[in-house]
Amino acid sequence: AQSLSNARLVTNQVEYHPYLSLRSLLATAKELGSSITAWSPLAQGQIADDATLNEIANAHGKTPGQVTLRWLIQQDVIAIPRTTKETRARENFDIFDFELSSEEMQRIHALARPDGRLGDWLDKDFNWDQD
């Protein structure tokens, strides 16, 4: 897309959460000096029951959602979780008083799986990146 545009791409809004790997896309965004904005950053709520995320959350006194948002922020990914509840919005902002270790970041990255994409309904025939 950048090669077709005279304007610099500022951000690319794509599905991104712990069940997807976007290593290649993150690297490309960094090369271009642009960013990634994660849609469905909490995997449509699936992260709430994840054993790994719950274990890390308990170690920090946080929720799995807060750990997931922190994981994204530590990758310089913009996260815009959807909520209609004021309490949840406040919770989503309460992620700047802790940091995930390298080991915790890797544990969360390890949750990625080939069938982790939730948005395949966008174009079922599209060949999505697997990395």
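1. Start with how much of the chain is tucked away: buried residues make up 37% of the 131 residues in the protein. Buried here means under 20% relative accessible area, exposed means over 50%, and partly exposed is in between, using a 1.4 Å probe and protein chains only. Keep in mind that this is a predicted model, where local features need pLDDT of at least 70 and side-chain atom pairs count only at pLDDT 80 or more, while totals for chains, interfaces and linings use all residues. Residues are numbered from 1 along each chain as its sequence is written, and side-chain values use heavy atoms, with hydrogens and water left out.

2. Now the overall layout. The protein has 5 helices and 3 strands, and from the N terminus on they come in the order β-α-β-α-α-β-α-α. Both kinds of element are DSSP runs numbered from the N terminus, with helices (H or I) of at least four residues and strands (E) of at least two.

3. What about overall dimensions? The radius of gyration is 15 Å, which agrees with the value near 14 Å that a compact globule of 131 residues would have. That radius is taken over C-alpha atoms, and the globule rule is 2.2 Å times the number of residues to the power 0.38. Along the principal axes, the C-alpha atoms fill a box of roughly 45 × 35 × 30 Å. Ala-89 sits in helix H4 (residues 86-93) and is partly exposed, with a relative accessible area of 26%.

4. Among contacts between residues at least 6 apart in sequence, 71% join residues at least 24 apart. A contact means heavy atoms within 4.5 Å.

5. Next, the charges. There are 13 positive and 19 negative ones, and their mean positions are 4 Å apart. Lys and Arg count as positive, Asp and Glu as negative, and His and the chain ends are not counted. Each charge is placed at NZ of Lys, CZ of Arg, CG of Asp or CD of Glu.

6. Side chains of opposite charge can pair when their charged atoms come close. The structure holds 7 salt bridges, each defined as a side-chain nitrogen of Lys or Arg within 4 Å of a carboxyl oxygen of Asp or Glu. One of them joins Glu-15 and Arg-117 at 3.8 Å, N to O. Glu-15 lies in strand E1 (residues 11-15) and Arg-117 in the segment after helix H5 (102-109), so the pair ties together parts that are 102 residues apart in sequence. Both Glu-15 and Arg-117 are buried.

7. Glu-103 and Arg-107 are 4 residues apart in helix H5, so about one helical turn separates them. Through shared partners, salt bridges join Glu-55, Glu-103 and Arg-107 into one network. Glu-55 is partly exposed at 47% relative accessible area, Glu-103 is partly exposed at 47%, and Arg-107 counts as partly exposed at 25%.

8. Which buried residue has no salt bridge, with Arg-113 as its nearest side chain of opposite charge? That is Asp-50, with Arg-113 5.7 Å away. Asp-50 lies in the loop between strand E2 (35-39) and helix H2 (51-60). Leaving aside neighbours within four places in sequence, Asp-50 is in contact with Tyr-19 and Leu-111.

9. The loop between E2 and H2 also holds Ser-40 and Gln-44. Ser-40 has a positive phi of about 55° although it is not a glycine, and phi of Gln-44, also a residue other than glycine, is positive and near 50°. Ser-40 counts as buried at 16% relative accessibility, whereas Gln-44 counts as exposed at 56%.
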